[in-house]
Amino acid sequence: MDYPATKAYILNKLERELSQQLYYHGIHHTMDVLRVTGELCKAEKINPRNTLLLKTAALYHDSGFTIHNQQHEQLGCQLARASLPQFGYSPADIDLICGMIMATKIPQSPNNLLEEIICDADLDYLGRDDFKAIGDTLFAELQVYKVLSTEQEWNRLQISFLEKHRFFTQTSLSRRQHQKELHLAELKEIVAGYEKI
């Protein structure tokens, strides 16, 4: 399993093929998820082989956006199945990686610790200080794709999302949950000031 070559291959593909209008789901998001995945693997004491599988899944988890912005998890799995064998990944490795990628589909549905780690890494920003800045990029992206148009819609959507979301790993619960709850309270305060629909 040649992880460095895999990383170079998929980052090059993302760099070349992701739409410039993916203000949130750009290569910067993939790099953020990769970084947090590494942190969580250390904290959760994941063995070196599974750490590489997780990092590979992090690199591929939004690669489907190079094809289409709908069903990108399935498309990312297709890309993984097409390209990873040439880097020495076995069918069993690829099945695990695709399980991790599919677990990140909203609503997240992890079935094991490895899938929980990538889910937590993918939405780590929900409990960080850069929540607002990163959220703004997602709002801009959703506007481009005509998912929503106003800030009021966006803030209501964020409240609904934060209320349903949960962190899975003990590490993320201890380091991100409290801050996430503060963000939620702040949003509720903002929305309380809106005129009732």
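Guide: Helices are DSSP runs (H or I, at least four residues), numbered from the N terminus. This is a predicted model, where local features need pLDDT of at least 70, side-chain atom pairs count only at pLDDT 80 or more, and totals for chains, interfaces and linings use all residues. Residues are numbered from 1 along each chain as its sequence is written, and side-chain values use heavy atoms, without hydrogens or water.

Visitor: At what angle do H2 and H3 cross?

Guide: Helix H2 spans residues 27-43 and helix H3 residues 48-60. They cross at roughly 160°, and their axes come within 8 Å. That makes H2 roughly antiparallel to H3 (angle over 145 degrees).

Visitor: Which residues make the contact of H2 with H3?

Guide: Contact means heavy atoms within 4.5 Å. H2 brings Thr30, Val33, Leu34, Thr37, Gly38 and Cys41. H3 answers with Thr51, Leu54, Lys55, Ala58 and Leu59. By class, the contact has six nonpolar, four polar and one charged residues. Here Asp, Glu, Lys and Arg are charged; Ala, Val, Leu, Ile, Met, Phe, Trp, Tyr, Cys and Pro are nonpolar; the others, Gly among them, are polar.

Visitor: How do H4 and H5 pack?

Guide: H4 and H5 (residues 91-103) pack at about 160°, with axes 9 Å apart. H4 and H5 are therefore roughly antiparallel to each other. From H4, the contact takes Glu73, Gln74, Gly76, Cys77, Ala80 and Arg81. From H5 come Ile94, Asp95, Cys98, Ile101 and Met102. Six of the residues in this contact are nonpolar, two polar and three charged.

Visitor: Now the pockets. Which residues lie nearest the centre of the largest pocket?

Guide: A pocket is an open set of points on a 1 Å grid over the protein atoms alone, where a 1.4 Å probe fits, with protein on both sides within 12 Å along at least five of seven lines; lining residues have an atom within 4 Å of a point. The largest pocket has 34 lining residues, with His25, Ile106, Leu138, Leu142 and Phe161 nearest its centre. H4 (72-83), H7 (131-144) and H8 (151-164) each supply at least two lining residues. H8 gives the largest share, six residues. The lining divides into 16 nonpolar, 11 polar and seven charged residues.

Visitor: Which element gives the largest share of the lining of the second largest pocket?

Guide: H7 does, with five residues. By class, the lining of the second largest pocket has five nonpolar, four polar and five charged residues. The 14 lining residues include Lys132, Asn155, Gln158, Leu187 and Ile190, the closest to the centre of the second largest pocket. H7, H8 and helix H9 (170-192) each give two or more residues to this lining.

Definitions and conventions: Axes fitted to C-alpha atoms, helices over the stretch in contact; angles between N-to-C directions. Parallel < 35°, antiparallel > 145°, perpendicular 65-115°, else oblique.
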